[in-house]
Amino acid sequence: MSFLTVLVAALFYLAAVIFVTGVVYRIWLYAKVPAPLRIATTPAPVTKGGVVLRMFREVAFFESLFKSNKLLWILAALFHYGLALVLFRHLRYFLDPVPMVVELAQPFGKYAAFAMILGLLGLWARRFVIDRVRYITSPSDHLMLGLLVLIGLSGALTTFVAHTDIVALKDFARGLLTFDLKPLPGDPLLVIHLTLVAVLMIVFPYSKLLHGVGVFFSPTRNMVDNPREQRHLAPWARKLEEEKS
Amino acid sequence: MAKANFEVPEITGVTEVPAVQPDTMAHLETFRAKPEFMEALGFPGEMPEDWKEKAIEAMGDLLKKYRSLQVFLDACVKCGACTDKCHYFLGTADPKNMPVARQDLLRKVYRRYFTLAGKFFPKLVGAVDLTEEVLHDWYNYYHQCSQCRRCSVFCPYGIDTAEISMAAREIMDRIGVGDKYSNEIIGKVFRIGNNLGLPEPALADTLEGLEEDVYDDTGVRVRYPLDEKGAEILLVTPSADFFAEPHVDGLMGYGKVFHELGVSWTLSSYASEAANFGMFIGSYENMRKVSLRIRKAALDLGVKRIVFGECGHAWRVAYAFLNTLAGPFDFLDPNYPVPQHICEFTWEAIQAGKLNLDPSANDDMVVTFHDSCNVARATRMGDKPGGQFEIPRNVIKAVCNNYVDMPHGTIKEATFCCGGGGGLLTDDLMELRVKGAKPRMDALKSVTEEYGVTHMAAICAICKSQFTKVIPYYGFDMDQIVSVHQLVSNAIILTGEGEGGEEEEESAEDAA
Ligand code: SF4
Ligand code: SF4
């Protein structure tokens, strides 16, 4: 087993642990903090089913962003939908046998990488061109974009230019899952790609990338509009009631 | 046109997004509350030595109490979708009035003290220590947010800068740094019962005067009762309704509607205020204390229903929070929502054909409607989402022949704040109020030119006060602002009215 294989594998295990514990901790934290008042942005759904729909539209179609800014919506859609397809395509490296849908998605997934990179470059350009966005941008925003672009580029290059040994790669990936290490093909591009992905997983729970989790807990989006029908007393607020009455 | 010692923006009918001009509003700082007023609300009177630690401690406490704060401080991706949505940014070009930048003032301190990235790599993620300079920015710019929630509509994560502003104000209050306007007003509510400090005899006097005015106008004795035990309905209305123009014309209207329906109703001197400035300063405890006065008044007077008069944030506290803060209201008639908005009440009466209306009484006006931010984005009327837009419009259309909406993107959920909400309706912030009204003034100008709109109706005491004060700066006339129930009042033909002669004509002209 080469040193490189062990190193990359170790990095991935570390990244996975940090990613999972970090995200679980955040979810636990958000779930634990009470939401003492109804603050849905209205008009809001009056039933739970309505809220599920609202959330779905928000997560799947970026409804609010669409209302807000069409160009930004297009760039965000290019990036996120592109990324989703690319990720879906990557399942072929982990699943054996490869399910039909994943197989069918391969060509789309391959070219989705370009949509993703295009979207990212557009988003990045906004940070230089639009004075308001420039004002609110901090170095970490550039770094995140840079990281994602590099991941996209290195991945696309291994797919389209410097082909890597996919069979060996798949063995390595499945080996990671089954704790039965197999050698990693030593292409530099592939190693770069994998290392950057591990870095992304590590920073995910500690950065704004966490918005993917936050949106589900956003009280203005996930609350049912029913305050006249129902009291919503947080535990700490109930204490006030007990003290004074 | 009113005079100003600052530059009044030019209105063109379309609001352009300005280029960023840092610090144009850095000089504007609202007066601070004196120690006695801070202490009356349970806050320290002076800044303690260890104010930094206390402030961080307060932030930590709020992070544990409000999921909104925790999630909103984390979730922002700096996408910039909100940057051109705030009326204060559009009117002042100061980048710290962009919602995300306003949040960042608090977020950068949160990051420094509460996140790993901010502890280890502050420069990278824009985290900073809490310093006097930062506190100064907090004070200035969290008092340049009217908590209108327009930004939250457009943010992909629903981040509501109003929540951040409220939290920031509470943190500052807890270290003895509070603003004079809101805190003194809350003090007045605790001592006297309303924001204006009108004691019971003054109220009784005013209401008697109203009865006479209505009698002179119509020849009908409409009652405006105060503290009447056993009445069916308790009306809670903003205290501006008792004397300010055009608010008081709205109060006349409520009375006429109740009169025509033959229901008994009363105001309460103890709870003679619908407004609840506890919300503006983000203080659950103070908001709750003010709300409990309404519960007590309802119990003492033995009423069966509670109806709220025209006021925006008051309706938010009433609709969205009252039941939670001061409920359960199981001693009231379960057939009606608690509380009800006067527009819901009047619209029901209109639908049931119980009011005799003559919309031609308002034929001298072409009316448009300003959706108040709190009503539009934080509440509902009726049982369908969006009722808060339809019901007031339905009422207006039932009493007015000429109605036009302002342009799409400036009304309903995208409505622009009047510029004076959120506890900013004070003369020391006049520059901000005038500039912040610009987007609404642009919209008003466009319908004035296109459709000949003459009047803008509102259902909020703050909107009405703010507009009557600032629209002269833009070349409009303060009489162009009307209450929705003033229009109702003009159009209602009271039972028995007109038997005495020609008064009807006159009342229509008075209002014009
Ligand atoms: S729209 Fe929301 S996520 Fe985007 S910058 Fe504004 S607050 Fe942040
Ligand atoms: S709540 Fe309103 S005033 Fe405050 S930042 Fe958002 S848009 Fe501006």
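1. In this predicted model, B:P99 makes contact with B:C82, B:T83, B:C86, B:C151 and B:T161, when its neighbours within four places in sequence are left aside. The residue belongs to helix α5 of chain B. Is B:P99 buried or exposed? Its relative accessible area is 2%, so B:P99 is buried. For a view across the chain, B:V189 may be located as well: B:P99 and B:V189 are 90 residues apart along the chain, and their C-alpha atoms are separated by 31 Å.

2. The next point concerns the packing of two helices. In general, a packed pair of helices is described by the angle between the axes and by the distance between them. Helix α3 (residues 67-75) of chain B and helix α5 (residues 99-114) of chain B have axes that come within 10 Å and cross at roughly 90 degrees. Because angles of 65 to 115 degrees count as roughly perpendicular, α3(B) is roughly perpendicular to α5(B). On the side of α3(B), the contact is made by B:L69, B:Q70, B:F72, B:L73 and B:D74; α5(B) contributes B:L106, B:R107 and B:Y110. Sorted by class, the residues of this contact are five nonpolar, one polar and two charged.

3. Attention now turns to the sheet. Strands of a sheet pair through backbone hydrogen bonds, in either a parallel or an antiparallel sense. In chain B, three strands form an open sheet in the order β5-β6-β7, with parallel pairing. Which strands lie at the edges? They are β5 and β7 (481-483) of chain B, each of which pairs on one side only. From one strand to the next, the twist averages 40 degrees.

4. Within β6(B), B:A458 is the bridge partner of B:H370. In a regular strand, side chains alternate between the two faces of the sheet. Both faces of β5(B) are covered: B:V367 and B:F369 are buried on one side, and B:T368 and B:H370 are buried on the other.

5. Finally, a helix accompanies this sheet. Helix α22 (residues 484-491) of chain B lies across β5, β6 and β7 of chain B, and runs at about 70 degrees to β7(B).

Terms used:
Residues are numbered from 1 along each chain as its sequence is written. Chains are lettered from A and ligands numbered from 1 in the order in which they are written. This is a predicted model: local features need pLDDT of at least 70, side-chain atom pairs count only at pLDDT 80 or more; totals for chains, interfaces and linings use all residues. Side-chain values use heavy atoms; hydrogens and water are left out. Axes are lines fitted to C-alpha atoms, for helices over the stretch in contact, and angles run from 0 to 180 degrees between N-to-C directions. Helices (H or I, at least four residues) and strands (E, at least two) are DSSP runs, numbered from the N terminus. Angles under 35 degrees count as roughly parallel, over 145 as roughly antiparallel, 65 to 115 as roughly perpendicular and the rest as oblique. Contact means heavy atoms within 4.5 Å. Ala, Val, Leu, Ile, Met, Phe, Trp, Tyr, Cys and Pro count as nonpolar, Asp, Glu, Lys and Arg as charged, and the others, Gly among them, as polar. Buried means under 20% relative accessible area, exposed over 50%, partly exposed in between (1.4 Å probe, protein chains only). Two strands pair if DSSP finds at least two bridges between them.
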